[in-house]
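Good morning, and thank you for coming. Please have the sequence and the structure open while I speak.

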Amino acid sequence: MWAAASGDLADGRLHLLVSRRSGARWRLHAAADEQRDQSAPLVRKALAMVKADDAGRRVVMLVNPGRRDVSAAVGLLYTGLQIMGPGESMTAHRHQAAALRFVIEGTGAWTVVDGQKLRVGPRDFAITPNNTWHEHGNESGDDPVIWQDGLDIPLVNALDAGFYEVHPDLRQEYGQVINSSLLAYGGSLLPYAMEKWTRPYSPLLAYPWEAIYEALLGFAKTTEGSPYDGVIMEYTNPVTGGSVMPTMGAHMQLLRPGQATKAHRHTGSVIYTVAKGRGYSVIAGQRFEWKQGDIFCVPSWAWHEHANLDQSEDACLFSFNDFPVMNSLGFYREEAHTDNDGHQPAA
């Protein structure tokens, strides 16, 4: 799949010998002259179109015009926006695909994963590993909750390994302690003198925004960060130190006020969600401006760089990726952009 380029492409770099997929951006809320680009109104329309009793979830899939051959936003990663109305709850189910959630807006969201109830708020990250029973709901009495779903469905389907099962009782019984995985595994210590966690995914199922942002600010005091990603940290399995799930990893990164990173590229696809701030990214030579709530993607082996347009406030980008798959197969590689002081010409 890889070869050193020759002839008119002989620049000493490696070139992917398959067609490149395009980057894309989905805006949550748009300016008056960009109404066709915004996602939130379409997601809210789904509230009346699909009732909670009729489906295990209500999701608007985000479609990349350059990736219509499969139900993937980029590479073999799927993403969509799920909305739950006030007081709603969805039935329990499980599937082969692994899933993750990033709360975009609204309070009152909860999920039950294998009998553990989690409460999550804006910018919190949660996982529902493959083959775990899970159900979702919204305890708020006033407002809907919108969160982003990320799944490896396209990968599972490509391997003909998919299945879906509804819980025989439609609802799970759960323990009295809320966020028990956070209480057990969310500190600097690991449980001792009890059965060792051996499952291939993180025992910590929820990662609250407040603790994540505090960790980023603390890390930023100790380092200049990456020239390509700013101050970046990975959500990890506290037992192994590895990725949260075998097929998908996740990061949060901070761009300092006015910071513009240099461009690089790597194998593995990434889907970003703007957790805080405003700025732009240049992906394969195309500039995409973004603000809080927007979602955009970077295809495998596409040059990309990020910039924070605010001169006084930091910007934070949540992202999930298929790096665990690339690393497990020995496919991961990375390259820095060396021309033009590390920056791409942008259209």
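I shall begin with strand 21. Strand 18, residues 270-276, is joined to strand 21 by four bridges, and the two strands run antiparallel. Within this pairing, T273 has I295 of strand 21 as its bridge partner. Strand 3, residues 24-26, is also antiparallel to strand 21, and three bridges join the two. Here W26 is the residue whose bridge partner in strand 21 is I295. For those new to the subject, strands of a sheet pair through backbone hydrogen bonds, either parallel or antiparallel.

Are the faces of strand 21 covered or open? Both faces of this strand, residues 295-298, are covered. I295 and C297 lie on one side, F296 and V298 on the other, and all four are buried.

What we are viewing is a predicted model. The average pLDDT of the protein is 90, and 91% of the residues score at least 70. Residues 1-20, however, stay under 50 in pLDDT; the model gives this stretch 35 contacts beyond four places in sequence.

Six strands form it, in the order 4-5-12-7-10-14, with antiparallel pairing. Its edge strands are strand 4, residues 59-61, and strand 14, residues 206-207, each of which pairs on one side only. Inside the sheet, strand 7 (residues 99-105) and strand 10 (residues 125-128) pair over four bridges in the antiparallel sense. R101 stands opposite A126 of strand 10. Helix 1, residues 40-49, lies across strands 4, 5, 7 and 12, and runs at about 55° to strand 5.

I turn now to the nonpolar cores. Which residues have the most contacts inside the largest core? They are F125, Y235, M252 and F318, in a core of 55 residues. Helix 4, residues 209-220, supplies the largest share of this core, namely five residues. Apart from this core lies another, of 13 residues, among them W290, A302, A315 and F323. Returning to F125, we find that the residues it touches, leaving aside those up to four places away in sequence, include L100, F102, L205, Y235 and F318.

Finally, the salt bridges, of which the count comes to 14. One of them joins R58 and E88, with the closest N and O atoms 2.8 Å apart. Why does this pair tie together parts that are 30 residues apart in sequence? The reason is that R58 lies in the loop between helix 1 and strand 4, whereas E88 lies in the loop between strand 5 and strand 6. Both R58 and E88 are buried.

A second salt bridge brings together the side chains of E313 and K276, at 3.9 Å from N to O. E313 lies in the loop between strand 22 and strand 23 and K276 in strand 18, so this pair ties together parts that are 37 residues apart in sequence. E313 counts as partly exposed because its relative accessibility is 43%, while K276, at 16%, counts as buried.

The side chains of R287 and E289 also meet in a salt bridge, at 3.0 Å from N to O. R287 has a relative accessibility of 35% and therefore counts as partly exposed; E289, at 37%, counts as partly exposed. Lastly, K117, R119 and E139 are linked in a network of salt bridges.

That concludes my presentation, and I welcome your questions.

Technical notes
Residues are numbered from 1 along each chain as its sequence is written. This is a predicted model: local features need pLDDT of at least 70, side-chain atom pairs count only at pLDDT 80 or more; totals for chains, interfaces and linings use all residues. Side-chain values use heavy atoms; hydrogens and water are left out. pLDDT is the predictor's confidence in each residue, from 0 to 100. Contact means heavy atoms within 4.5 Å. A nonpolar core is a set of buried Ala, Val, Leu, Ile, Met, Phe, Trp, Tyr and Cys residues joined through side-chain atoms within 4.5 Å. Buried means under 20% relative accessible area, exposed over 50%, partly exposed in between (1.4 Å probe, protein chains only). Two strands pair if DSSP finds at least two bridges between them. Axes are lines fitted to C-alpha atoms, for helices over the stretch in contact, and angles run from 0 to 180 degrees between N-to-C directions. A salt bridge is a side-chain nitrogen of Lys or Arg within 4 Å of a carboxyl oxygen of Asp or Glu.
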